[in-house]
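Work through the exercises below with the sequence and the model in view. Each task is followed by a solution in steps.

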Amino acid sequence: MTDAGRHPRIKIHTLSQVVDIKGNVGNFDVKIVKKARYVDEKECTACGDCAKVCPVVRPDEFNLGLSSRRAIYSPFPQAVPSAYVINSHECLGHNPVVCSKCLDACEKKCIDFHMSDETFTERVGTIVVATGLKPHDPRALDEYGFTRFENVLTSLEFERLVNAGGPTQGHLIRPTDRKPPKSVGFIQCVGSRSARRGKSYCSNICCMNTIKSTLVLKEHHPDMAVKVFYIDIRAFGKGFEDLYTRSRRQGVHYVRGLPGHVEELPNGGLRVAVENIASGALEFFELDMLVLAIGIEPASGTQRLQEMLGLQLTPDGFFLEAHPKLQPVDAATRGIFYAGCAEGPKDIKESVTQASAAAVRAIRLMQADQITAEAITSEVITEQCKACGKCAEVCPYNAITVDPKKKIPAQIATAACTGCGTCAAECPFGAITMNHFTDQQIYEQIDTLLAERPEEKILTFACNWCSYAGADYAGVSRLQYPPNARLIRTMCSGRVDEAFIWHGFKKGAPVILVSGCHIGDCHYINANHWTVKRVENVRKKMEKRGLRPERLQLEWVSAAEGVRFAQVMTRMEQLRQGVSSQEIAETVTLLEK
Amino acid sequence: MKPSTTSITPGTAADEPRIGVYVCHCGKNIAQTVDCDGIAAQLASLPDVAVAKGIGYACSEPGQREIREDIETLGLNRVVIGSCSPRLHEPTFRQMLIAAGLNPYLLEMANLREQCSWVHMKEPQAATAKALDLMKMGVARVRRLQALSEPKLPMTQRALVIGGGVAGIQAALDMADNGYEVVMVEQQPSIGGVMAQLDKTFPTMDCSI
């Protein structure tokens, strides 16, 4: 931590949040809001004189409320930057008449109530997303009486109680009587491995965290009765099994089964009822203290960041990597990398390993002062452009300039174009060529697909980032679906021109599916909004012309939704079976007119 | 050491398309369900197709060598590969085209594994028919593909790290130690994250800070 704080090339913005990111790999403009600290970060020596005189006492978040702090405080002794901070909501000093005692106490005059939030922009070439985790909150479900019984703690609270820097200087005491407990029980999988109570996944760290804690207890209190209630112990890493056997050897009692009931005893102790799966018996234990091994959840800002950067999430809510085996730290968006629990629950060693990997992946791009840009971009055929301005309206990147009033034809800033192709789909005059996904190339694919027995085929447009990847995921998961689906890949569902759909029906397609990323997940900010508009438009026109609009479907499938993709294809097949050859023939005749 | 830049040779998108078509067996991954050699034989008679054949592992070095040699000896100027998802090996095969002196965008891939053999495992006939369609679509598309070039853009040699926990700190230090400037954004008043709250950590059993 201090190494990072002292490093001449690392600039740390604390109390800060990323509020907007524009641009692409090589040149991201990141807008950051830095909240006021009200203490000069560079001048403050963390002497603590200010806190001594502060009259406002509040629970200390770092110790999870097990101790208190003042309104002006240092988060913890080793904090980086080593500077105090004022919580402006708690401080009385905004009205100097009321307080301002800290101002007088600070000899170096580092405190400034007039400091205000700052907004600034940093330009960077690559981004490492290391947003961490949120510990599971057992309050919502009041698991094992956490909110009712004071001597039921979370594993994180326990960490603070045995930490030499914690509220009790590392002496473990019970919250009710502040006496050292004679017996401690750990309950595993709180908030994990249960879709009903918390999350269905394994949080990865809780088994080893508990085993470590039992050893810490046994080291200091060899006579303490330590019990662990578990489903199964997952000690899969290097040296993990050794630690587990050591814990057992030192007399920690492992009971297979999670408690069904916890009640408080008059002395503050807890009576735990467990069905021991190993023995089949219902067992009762009286313990002085219970520790809930809480699981890991995605950090709270995950979704906001995901939307800002156009990234994808797994169904668990963690960030989705570009490839689970071969690109485990890359985001699908070039220049963005994941480190730590942002990508999934992991321990410190794994987080550090992944962080180093992410750093190297970023360096791999940054080591040259130039980067090859996207070749798949769009181009204007100036002679055909009528300067109507529609392309500029739909471009999510403001990469197109056009002046409809002065009739100045459209121009595309290639560096800003990311190749979604929504402009080409929107242009009514065919004046935009979307390279590598040209109209002609796509028509060739449609024609070939429908050349023989079109009535049996399901013409599907799939975007590269979500629905095509979701189809791949269905394959990786070996999910079986009807074999008559034929996918045409485009970079974005926004590339799907209304004309492609009409062309498909004209060539005898019974049904057509347009698929893309969920709204809000679009890899091209919001280009898929135009997909919705176009599909709705075609469906309206179909209805007017006497065609059943159900034959055109729009579905969102994320890269992680293999199951959903297979379901959608099964549903499409049912739809297809409802389209008779007569209906197809009528459509073809109607559209050929 | 200089990075391996993907300098693209302009390559020819010569007027007369000469297409090489390869149907990868992927060991048994595709060949178990799809009659790879059978569809290759059917594809060989399509217009502009100079060669069409099954291939054991297209992505392997011998597989790539075989295609490269065909490009040279048969004067191929476009390539269709039916194999795994382009999301996996498109970069591999584009590099192969570059090595053979072709523009990497004159490649088309048909997804015969993730979107065919693996999802229709119990219907080999239908899967083979689908694979043939996907390959034909690939051939139709590759005829129309054009050589593209990748413009160069400036790279800001500076990184943003969002989050100052153990992962963020490690990533920032590694990049900074390698000479890159790093901007770290942390919403709390101190960096350290959850790790800083932990007591002793396995396996060294030392303090986490």
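**Exercise 1. The contact between the two chains**

Task: Find how many residue pairs are in polar contact between chain B and chain A, and describe the side of chain B that touches chain A.

Solution. 
- The model is predicted. Between chain B and chain A, 56 residue pairs are in polar contact, with both residues of a pair at pLDDT 80 or more.
- Helix α6 (residues 166-177) of chain B gives the most to the side of chain B that touches chain A, namely 12 residues.
- By residue type, that side of chain B holds 45 nonpolar, 21 polar and 21 charged residues.
- Counting contacts, 87 residues of chain B meet 113 residues of chain A.
- The size of an interface is often given as the accessible area lost when the parts come together. For chain B and chain A the buried area is about 9,000 Å², and carbon and sulfur atoms give 61% of it.

**Exercise 2. Salt bridges between the chains**

Task: State the number of salt bridges between chain B and chain A, and follow the one made by B:Arg158.

Solution. 
- There are 6 salt bridges between chain B and chain A.
- The side chain of B:Arg158 meets that of A:Glu122 in a salt bridge, with 3.0 Å from N to O.
- B:Arg158 and A:Glu122 also belong to a network of salt bridges that includes A:Lys11 and B:Glu181.

**Exercise 3. Salt bridges within chain A**

Task: For the salt bridges of A:Arg234, A:Arg271 and A:Arg453, name the partner and decide how exposed each residue is.

Solution. 
- A:Arg234 pairs with A:Asp232 at 3.7 Å, N to O. A:Arg234 has a relative accessible area of 32%, so it is partly exposed. A:Asp232 is at 24%, so it is partly exposed as well.
- A:Arg271 pairs with A:Glu263 at 3.3 Å, N to O. At 28%, A:Arg271 counts as partly exposed, and A:Glu263, at 34%, is also partly exposed.
- A:Arg453 forms a salt bridge with A:Glu456, and their closest N and O atoms are 3.2 Å apart. The relative accessibility of A:Arg453 is 45%, which makes it partly exposed; A:Glu456 is partly exposed at 34%.
- Over all chains the count comes to 48 salt bridges.

**Exercise 4. A helix of chain B**

Task: Check the length of helix α3 (residues 86-99) of chain B against its number of residues, then find what covers its buried residues.

Solution. 
- The helix has 14 residues, and at 1.5 Å a residue it should span 20 Å. The expected span takes one less than the number of residues.
- The buried residues of α3(B) are B:Pro86, B:Leu88, B:Glu90, B:Phe93, B:Arg94, B:Met96, B:Leu97 and B:Ile98.
- An α-helix has 3.6 residues a turn, so residues three or four places apart point the same way.
- From chain B, the cover includes α2 (61-74), β3 (78-83), β4 (107-111) and α4 (113-117). From chain A, the cover includes α12 (467-476) and β27 (485-490).
- Just after α3(B) comes B:Gly101, with a positive phi of about 85 degrees.

Key
Residues are numbered from 1 along each chain as its sequence is written. Chains are lettered from A and ligands numbered from 1 in the order in which they are written. This is a predicted model: local features need pLDDT of at least 70, side-chain atom pairs count only at pLDDT 80 or more; totals for chains, interfaces and linings use all residues. Side-chain values use heavy atoms; hydrogens and water are left out. Helices (H or I, at least four residues) and strands (E, at least two) are DSSP runs, numbered from the N terminus. Buried means under 20% relative accessible area, exposed over 50%, partly exposed in between (1.4 Å probe, protein chains only). Contact means heavy atoms within 4.5 Å. Buried area is the accessible area (1.4 Å probe) that two parts lose on being put together, summed over both. A salt bridge is a side-chain nitrogen of Lys or Arg within 4 Å of a carboxyl oxygen of Asp or Glu. A polar contact is a pair of N or O atoms within 3.5 Å; within protein, one must be able to donate a hydrogen and the other to accept it, and residues adjacent in sequence count only if both atoms are side-chain atoms. Ala, Val, Leu, Ile, Met, Phe, Trp, Tyr, Cys and Pro count as nonpolar, Asp, Glu, Lys and Arg as charged, and the others, Gly among them, as polar.
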